[in-house]
Amino acid sequence: MGGLAFLFPGQGAQYLGMGLDHLRQSPAMAARLAEAGEVLGEDLVRLLTRGPRPLLARTDIAQVAIFTLSVALHERLRAAGLPAPDVVAGHSVGQFSALVAAEVLEFSAALRLVAEGSRSAFLPDAVVHHEGGASSGGKASAFAVRYGMRNLPSVFVRNMPPGLLVLCC
């Protein structure tokens, strides 16, 4: 019994030069980084190429960069003929990459969630229920409803120390 699984990394996986070989060969990956850079207000290709390292290590930059490169690499592999994974999972911000790979969230919606979440050192606890409206335990539900999770029956977002975010659908 076999299958294909993707595990997407979380913060701490970033390094100067990550993804550059792929970026040079893939205009689609470069376009994803440009899109993320617009949301972030930073040139991610420049940061990945030249740094400075301390800026790339900042949570708001690192998480957007890791998320974007993870999704872009997944898209590149799929475009090259790799079948859809049977299982996806992610550590920390990698959970958002997994949700995009599983086609639960669109890239642009997940990008905004990651960008907003990383700016506030991740979102407060919240529960979102589609039927009957949203019930909120904090800002997370407002972001979730606003940025594309409206079509899910329910979404649970929970911060768990130390720095673990759980997002279940």
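Analyst: Buried means under 20% relative accessible area, exposed means over 50%, and partly exposed lies in between (1.4 Å probe, protein chains only). By that scale E35 is partly exposed, at 29% relative accessibility.

This is a predicted model: local features need pLDDT of at least 70, side-chain atom pairs count only at pLDDT 80 or more, and totals for chains, interfaces and linings use all residues. Residues are numbered from 1 along each chain as its sequence is written, and side-chain values use heavy atoms, with hydrogens and water left out.

The structure holds 5 salt bridges. A salt bridge is a side-chain nitrogen of Lys or Arg within 4 Å of a carboxyl oxygen of Asp or Glu.

Start with R32. Its side chain meets that of E35 in a salt bridge, 3.2 Å from N to O. Both residues sit in helix α2 (residues 27-40), 3 residues apart, about one turn of the helix. Helices are DSSP runs (H or I, at least four residues), numbered from the N terminus.

R32 also forms a salt bridge with E75, with the closest N and O atoms 2.7 Å apart. R32 lies in helix α2 and E75 in helix α5 (residues 59-79), so this pair ties together parts 43 residues apart in sequence. E75 is partly exposed, at 30% relative accessibility.

Another pair is E42 with R46. Their closest N and O atoms are 3.7 Å apart. E42 is partly exposed, with a relative accessible area of 23%. R46 counts as partly exposed too, at 29%.

Terms used
Helices (H or I, at least four residues) and strands (E, at least two) are DSSP runs, numbered from the N terminus.
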